[in-house]
Amino acid sequence: MKKMDELQVENDRLRILARHDSLTGLLNRGAMEEEVGDLLKNKKGGIFLMLDVDHFKDINDVYGHLTGDLVLQELARIMGFLFFKKDIIGRMGGDEFAIFIPGEYRNELVDSKVERLHSRAVQAGKDMGIGNSLKLTIGADLVRKNDTFRTLYRRADLALRIGKQQRKKALYLYESSMEDCHPDSAARNELPAAPHDMRYICRQLKEPEFAHEAGSQDYRTFLAIFRFLERNLGRTGLNVQIILISVTDQFGSFVALEDREFLTGRLKDSICSSLRFGDLYTRYSSCQFLIMTPGAACENMEQIIRRIQKKFQESISDRKDIKLFFSFYPLQQTAPKKQDLL
């Protein structure tokens with residue numbers, strides 16, 4: 001009898017493991033699909049939320065994958081605290097989570113939940129030492145007649161992806177007009193005529209809101225742009241300057257760990273407000289930023305440095321022990337090859 005009880009306990013443990021995400025303890029995608037699907041079969045209404053961590057790859061790249069895992073675990077804890085036991089919460093994979101709130105939908109309830117979730121995530125990011133990096137985008141839609149998990153999931157996911165492109169607010173509710181401005185429409189209908197398709201592609205490529213400030217890029221994107229410009233210098237004749245800025249103490253060493261996030265945050269603000277909107281920058285390490293200035297000549301560098309230095313020192317006026325160290329690398333123009341002249 002004792003062996004039978006032990007076997008039952010072990011089977012229950014394995015069943016739980018099979019249905020839950022090992023990192024966060026939330027339902028995994030398969031279990032999420034099963035539970036939400038059962039409620040939909042029983043004609044249970046509700047609202048389905050898909051949420052995603054903005055720039056999660058940057059958090060992994062800058063702070064390490066261990067920090068990224070801690071971020072996901074903390075988000076799971078916050079969601080478990082904010083939502084009711086009847087609500088179904090799961091991790092869909094990577095940095096994507098889903099929440100199904102069964103029953104009658106009330107605007108003010110969901111808006112309040114999303115607002116609290118977003119603010120608690122931002123505060124958690126600060127508490128974990130990653131500044132304001134922990135922000136969320138959420139897509140959602142209501143249950144409709146004859147919905148399955150997949151149809152409901154697709155609409156909420158589409159709203160999420162549109163939200164990721166626009167980044168104007170935290171919550172995006174699905175609208176039928178979203179179908180016309182997303183490639184998914186081609187999968188459900190006949191392919192559009194070529195001119196219409198090209199207009200769509202150009203709308204997608206175009207920056208949604210033209211930012212009148214320097215562009216912040218993750219390191220891999222920055223590297224790809226650098227290499228693209230470097231390959232084409234011979235043909236374009238474009239001047240491109242690269243600047244490495246390091247935050248150091250008065251002896252030239254990297255600043256103490258406990259000061260880094262605050263100081264690099266001040267430096268980032270100084271860089272962003274000092275550059276032209278055609279310039280690019282990225283975080284290179286915990287104490288360093290790289291800047292790329294296409295079209296700027298060497299003689300412009302001193303002016304750029306003075307602006308950054310002045311703004312940074314004003315923002316930390318009480319820290320006379322903190323210095324900025326600048327290194328430069330002008331991309332060299334090379335003579336065009338024969339094939340470039342054809």
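Predicted model: local features only at pLDDT ≥ 70, side-chain atom pairs only at ≥ 80, totals over all residues.
Visitor: What makes up the protein in terms of helices and strands?

Guide: The protein contains 13 helices and 10 strands. Of its 342 residues, 39% are buried. Among contacts between residues at least 6 apart in sequence, 69% join residues at least 24 apart.

Visitor: Why is helix 2 called roughly perpendicular to helix 6?

Guide: The axes of helix 2 (residues 29-41) and helix 6 (residues 149-166) cross at roughly 110 degrees and come within 9 Å. Angles of 65 to 115 degrees count as roughly perpendicular, and helix 2 is therefore roughly perpendicular to helix 6.

Visitor: Which residues of helix 2 and helix 6 meet, and of what classes are they?

Guide: From helix 2, R29, M32, E33, V36 and L40 take part, and they meet F149, R150, L152 and Y153 of helix 6. By class, this contact holds six nonpolar and three charged residues, with no polar residue.

Visitor: Why are helix 3 and helix 4 called oblique to each other?

Guide: Their axes cross at roughly 135 degrees and come within 6 Å. Roughly perpendicular ends at 115 degrees and roughly antiparallel requires over 145; helix 3 and helix 4 are therefore oblique. F56, I59, N60 and Y63 of helix 3 make the contact with H65, T67, G68, V71 and L72 of helix 4. These residues divide into five nonpolar and four polar, with none charged.

Visitor: How do you know that the span of helix 4 is close to the expected one?

Guide: Helix 4 (residues 65-82) has 18 residues and reaches 26 Å from its first C-alpha to its last. At 1.5 Å a residue the expected value is 26 Å, and the span of helix 4 is close to it.

Visitor: Which residues of helix 4 are buried, and what do they pack against?

Guide: The buried residues are T67, G68, V71, L72, L75, A76, I78, M79 and L82. They pack against strand 1 (46-53), helix 3 (56-63), strand 2 (88-93), strand 3 (96-102), helix 5 (107-127) and strand 4 (136-142).

Visitor: How many disulfides are found in the whole structure?

Guide: A search of the whole structure finds zero disulfides.

Visitor: What makes H55 buried, partly exposed or exposed?

Guide: H55 has a relative accessible area of 49%.

Visitor: Where is H55 found, and which residues does it touch?

Guide: H55 is in the loop between strand 1 and helix 3. Leaving aside residues up to four places away in sequence, H55 touches K164 and R167. H55 and K135 are 80 residues apart in sequence, yet their C-alpha atoms are 8.4 Å apart in space.

Definitions and conventions. Residues numbered from 1 in each chain as written. Heavy atoms only, no water. Axes fitted to C-alpha atoms, helices over the stretch in contact; angles between N-to-C directions. Helix = DSSP H or I, 4+ residues; strand = E, 2+ residues; numbered from the N terminus. Parallel < 35°, antiparallel > 145°, perpendicular 65-115°, else oblique. Contact = heavy atoms within 4.5 Å. Nonpolar A, V, L, I, M, F, W, Y, C, P; charged D, E, K, R; others polar. Disulfide = S-S within 2.5 Å. Expected span 1.5 Å × (residues − 1). Buried < 20%, exposed > 50% of the residue type's maximum accessible area, 1.4 Å probe, protein only.
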